[in-house]
Amino acid sequence: MSRIEGVLRTLKGQGRKALIPFITAGDPHPDETVGLMHTMVDAGVDIIELGVPFSDPMADGPVIQLACERALKHGTSLRRVLAMVSEFRKTNDTTPVVLMGYLNPIEAMGYEAFADAAAEAGVDGILTVDLPPEEAGDVAPLFAQRGLDPIFLLAPTTTDDRIRAIADHSSGYVYYVSFKGVTGAARINVDEVAAKVARIHELTALPVGVGFGIRDAETAAAVGRVSDGVIVGSVLVDTIARNQADIEELKRALTDLLNPMREALDSLAS
Amino acid sequence: MSVKLTEEMLTALPDARGHFGAFGGRFVSETLMDSLMTLEREYLRLRKDPEFQATFDKDLANYVGRPSPLYFAERLTRETGGAQIWLKREDLNHTGAHKVNNTVGQALLASFLGKKRIIAETGAGQHGVATATVCARLGLECHVFMGAEDVQRQSLNVYRMKLLGAQVHAVESGSRTLKDAMNEAMRDWVTNVDDTFYIIGTVAGPHPYPLLVRDFQSVIGRETRRQSLEKTGKLPDALVACVGGGSNAIGMFYPFLTDESVQLYGVEAGGLGIDTGQHAAPLCAGRPGVLHGNRTYLMEDENGQIAGTHSVSAGLDYPGVGPEHSWLKDIGRANYVSVTDDEALEAFRMLTLVEGIMPALETAHAVAYAVKLAATMDKDQMVVINISGRGDKDIHTVAQLDGIEL
């Protein structure tokens with residue numbers, strides 16, 4: 001059983017929902033990322049999605065675009081992100097880490113070299129935004145052989161047939177993109193999300209994490225009620241941007257954001 | 001490596017997943033997949049639909065003004081002292097460039113799909129103008145994304161688009177040029193996917209765009225082939241076209257791919273020189289990667305981050321290239337070369353002075369290479385340059401380089 005599957009299974013047994021934060025690796029500086037990961041674990045998160053910065057993040061809104069620019073300015077390469085995960089693993093052997101990003105940095109490193117290095121570093125899952133399962137035939141088996149969970153996106157526009165096919169290629173969880181748009185936009189409609197996630201649950205046994213548009217305890221609880229976990233990204237990245245000059249203040253601000261979300265999600269526990 | 005291409009091989013490409021050999025494909029976020037599959041299905045149907053094709057042909061004749069002439073550049077040929085140089089006059093199309101062939105086709109597709117809102121990216125502004133033009137004609141809402149740097153250096157085209165009723169969005173992210181305009185257009189598309197049709201201006205992007213843009217632009221090569229046979233009784237020995245994304249080049253090359261005797265030359269932007277790294281020549285100096293929905297040759301650093309590009313011509317200032325060109329390069333069917341900013345500027349002046357035809361700076365790259373090539377060929381041979389656009393939009397750039405304030 002993968003670390004991701006284990007964590008999600010335990011949560012389910014407890015009737016709890018996963019809190020999954022996203023931050024961009026190397027933002028505000030590569031030396032700070034591991035510390036921020038530990039801070040988030042202390043605030044009660046279950047799985048960490050670590051963004052691999054890319055020069056052309058087409059699916060992201062301005063907040064994450066700027067985070068990528070800050071991270072790249074300090075030389076945050078894919079190899080450096082993997083080194084961060086290794087560092088994190090020295091003191092944390094339990095919290096799953098999912099790398100989320102775009103395909104080209106992986107292509108440049110080479111699929112096999114990347115899969116080896118990711119497994120070696122202690123990465124648990126890979127989510128590549130611009131890699132639909134149709135194009136993943138060469139790389140997904142390399143992940144599976146090394147115990148890395150390939151995680152794919154589902155969207156409001158994804159048909160039933162595609163939901164089934166994508167779930168067949170996925171392990172760990174599937175990531176449901178809550179609305180049509182880029183990260184950081186405020187367009188979430190909880191009723192629509194509830195209907196689509198219910199449909200996804202009918203079509204696959206995999207846990208469903210929902211991301212895009214979750215910004216506070218209220219939206220986290222509303223989405224948590226209808227899914228297996230919530231993914232929180234832009235609001236955290238924006239907090240990093242606003243507090244980048246003072247890391248201790250930044251850690252307090254992240255904790256202050258995540259604590260109420262954790263409480264709100266746990267208040268749903270049956 | 002060079003393989004002999006047959007009609008059968010060509011009709012099999014791109015394959016069902018949009019691949020040209022190792023290149024192409026559909027690398028986009030999930031939200032766009034359904035829309036792309038619908039577009040593919042509808043386009044493959046309309047491609048064989050006589051009514052759609054007849055409407056397209058009629059628009060090309062009556063609105064664009066086709067066929068464009070194939071013109072013998074007698075004085076340029078004499079000055080060069082080699083092969084006969086002929087010019088395929090896409091600059092004489094309505095709006096002054098080849099871009100309109102594609103926008104007429106895609107706007108027609110949008111109409112058949114019932115989409116009322118159009119978005120487009122643009123570099124030099126030619127595709128933006130061509131898109132705004134067809135939107136004005138069909139009464140469609142038009143949004144054009146353009147890098148903030150290009151908005152500065154192509155202010156004339158920006159104003160043209162506004163006069164045509166389009167909203168021009170200056171893109172401030174990244175390098176503020178064509179690639180960033182394309183990122184922003186994709187972000188708009190993912191947000192408004194239900195009612196919006198994205199008119200991509202070149203043969204790049206996710207499948208089926210490289211296929212349908214190539215189909216719409218192939219009228220250039222089909223006419224050239226017919227006109228060449230009519231006027232000279234033979235096929236040209238060489239075709240030369242500039243390559244940014246590569247739509248005018250693929251449109252010229254495609255109908256000649258199985259004609260082994262016809263040499264194909266795609267001319268990339270060498271900028272300040274390939275060895276300076278300040279250029280936009282992925283086929284000459286890049287390597288395969290994935291950007292904007294397709295696998296193709298890219299300019300990137302060792303970590304897979306997309307590299308900055310430089311060219312005096314905004315329309316060639318792009319780090320990628322259409323996937324079919326990447327395939328033609330790898331199988332050895334087409335030759336990809338580069339010329340520098342300075343060589344292009346010199347060719348811009350030469351064609352203007354010797355033939356009274358002012359080419360776009362993009363096109364001037366093809367002219368520069370073709371003149372060098374023709375000089376090495378026999379007098380009874382024939383070179384065709386695709387004059388992909390006219391140079392009025394570049395007068396400010398050229399004047400500025402001359403130190404003249406207009």
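**Exercise 1. Which residues in α2(A) meet which residues in α4(A)?**

*Solution.* The structure is a predicted model, in which local features need pLDDT of at least 70, side-chain atom pairs count only at pLDDT 80 or more, and totals for chains, interfaces and linings use all residues. Residues are numbered from 1 along each chain as its sequence is written, while chains are lettered from A and ligands numbered from 1 in the order in which they are written.

Step 1. Helices (H or I, at least four residues) and strands (E, at least two) are DSSP runs, numbered from the N terminus. Two residues are in contact if their C-beta atoms, placed from the backbone, lie within 7 Å.

Step 2. From α2(A) come Thr33(A), Val34(A) and Met37(A), and they meet Met84(A), Glu87(A) and Phe88(A) of α4(A).

Step 3. By class, this contact holds four nonpolar, one polar and one charged residues. Nonpolar covers Ala, Val, Leu, Ile, Met, Phe, Trp, Tyr, Cys and Pro; charged covers Asp, Glu, Lys and Arg; the others, Gly among them, are polar.

**Exercise 2. State at what angle α2(A) and α4(A) pack, and classify it**.

*Solution.* Step 1. Residues 33-42 of α2 and residues 78-89 of α4, both in chain A, pack at an angle of about 50 degrees, with their axes 9 Å apart. Axes are lines fitted to C-alpha atoms, for helices over the stretch in contact, and angles run from 0 to 180 degrees between N-to-C directions.

Step 2. That angle makes α2(A) oblique to α4(A); angles under 35 degrees count as roughly parallel, over 145 as roughly antiparallel, 65 to 115 as roughly perpendicular and the rest as oblique.

**Exercise 3. Determine whether Gln154(B) is buried or exposed, and find its contacts**.

*Solution.* Step 1. Gln154(B) lies in the loop between α7 (148-153) and α8 (155-163) of chain B.

Step 2. A residue is buried if 20 or more other C-beta atoms lie within 10 Å of its own, exposed if 12 or fewer, and partly exposed in between, with C-beta atoms placed from the backbone. Gln154(B) has 27 other C-beta atoms within 10 Å, so it is buried.

Step 3. Leaving aside neighbours within four places in sequence, Gln154(B) is in contact with Ala124(B), Gly125(B), Ala314(B) and Lys393(B).

**Exercise 4. Describe the contact of chain B with chain A**.

*Solution.* Step 1. The contact takes 29 residues from chain B and 32 residues from chain A.

Step 2. On the side of chain B that touches chain A, α9(B) gives the largest share, six residues.

Step 3. The residues of that side of chain B divide into nine nonpolar, twelve polar and eight charged.
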